[in-house]
Amino acid sequence: MGLTLSPTATAYLIVVAAVALLRFAELAVSARNRRAMMRDGAVPVPERNFGWMALLHTAILGGAAAEVVWLHRPFLPALALPALVCLVLATWTRWWVIQTLGQLWNVGIMDSTRQGIVDTGPYRWVRHPNYTAVFVELLALPLVHSAWITAIAGTLAHVFVLRARIAAEDRVLLADADYVARMGAKPRFFPTGARGAGPTSPPTRLTRPTRPTGAEGPGPT
């Protein structure tokens with residue numbers, strides 16, 4: 001006897017598939033940017049946890065779909081609507097980041113010598129908007145159809161993975177004096193409105209660093 005899915009479960013699987021397709025599109029953009037950055041002198045930074053990050057993203061997508069199908073999670077409009085709104089806003093923010101960084105966006109950490117510091121778009125207010133968006137996205141996606149096990153387990157794992165990723169990236173970024181001058185006073189993830197959190201001078205899309213900077217990327221983030 002074949003597996004019968006409810007209309008909402010079918011629609012949810014389409015949403016999960018769409019998110020997965022966006023990941024593949026991001027990888028294609030990243031690969032293109034990586035080649036261009038390396039031609040301009042950027043050097044990839046070795047990262048031990050990149051594989052874990054990729055695995056986590058895959059597990060959350062697959063886990064959310066499997067939990068809805070096999071554990072028959074209900075569709076709860078009161079939970080689904082805010083989760084879907086968060087998912088859409090987070091996805092939009094991720095593509096805003098990609099558009100803002102342009103060639104400097106990459107899923108890996110790049111030591112991008114002489115390729116500049118971006119302080120426009122969402123970077124006008126925070127240092128790591130991409131990671132904020134990714135965290136919200138991977139929390140919201142399972143909750144659209146009440147896949148709470150995936151949401152909780154994925155979020156806990158994501159905290160540890162992101163902590164390692166951001167620490168590795170900050171070691172590159174904060175070694176650059178120009179980055180520290182323009183971005184160091186800003187909060188990492190959320191605008192606080194605190195005095196001094198904005199750019200130290202009017203934002204310019206690129207300012208030439210005297211040392212390499214790292215390009216923030218979402219991982220099959």
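The axes here are lines fitted to C-alpha atoms over the stretch in contact, and angles run from 0 to 180 degrees between N-to-C directions. The helices themselves are DSSP runs (H or I, at least four residues), as strands are (E, at least two), numbered from the N terminus.

Before going further, please keep in mind that this is a predicted model, in which local features need pLDDT of at least 70 and side-chain atom pairs count only at pLDDT 80 or more, while totals for chains, interfaces and linings use all residues. Residues are numbered from 1 along each chain as its sequence is written, and side-chain values use heavy atoms, with hydrogens and water left out.

Back to the pair. α3 passes α4 in a left-handed crossing, meaning that the near helix is turned anticlockwise from the far one by less than a right angle. On the α3 side, the residues in contact (heavy atoms within 4.5 Å) include Leu79, Ala83, Leu87, Ala90 and Val97. Their partners in α4 include Pro129, Ala133, Val136, Ala140 and Leu143. The residues of this contact divide into 14 nonpolar, 3 polar and 2 charged. In that count, Ala, Val, Leu, Ile, Met, Phe, Trp, Tyr, Cys and Pro are nonpolar, Asp, Glu, Lys and Arg are charged, and the others, Gly among them, are polar.

Now look at α4 by itself. It has 15 residues and reaches 22 Å from its first C-alpha to its last, close to the 21 Å expected at 1.5 Å a residue; the expected span is 1.5 Å times one less than the number of residues. α4 is mostly covered, with 11 of its 15 residues buried, that is, under 20% relative accessible area with a 1.4 Å probe and protein chains only (exposed is over 50%, partly exposed in between). Among the buried residues are Tyr131, Val134, Glu137, Leu138 and Leu141. Their cover includes α1 (7-39), α2 (50-70), α3 and α5 (148-173).

One of those neighbours, α1, packs on α4 at an angle of about 160°, with the axes 10 Å apart. The two helices are therefore roughly antiparallel to each other, and α1 passes α4 in a left-handed crossing. Tyr12, Val15, Val16, Val19 and Arg23 in α1 meet Glu137, Leu138, Leu141 and Pro142 in α4. By class, this contact has 7 nonpolar, no polar and 2 charged residues.

α1 has 33 residues and reaches 49 Å from its first C-alpha to its last, close to the 48 Å expected. Its buried residues include Tyr12, Val16, Val19 and Arg23, and also Glu26 and Asn33. The buried residues of α1 pack against α2, α3, β2 (110-112) and α4. Just after α1, Gly41 takes a positive phi of about 105°.

His72 sits in the loop between α2 and α3, and Ser146 in the loop between α4 and α5. Which of them is buried and which exposed? His72 is exposed, with a relative accessible area of 57%, whereas Ser146 counts as buried at 6%.

Conventions: Angles under 35 degrees count as roughly parallel, over 145 as roughly antiparallel, 65 to 115 as roughly perpendicular and the rest as oblique.
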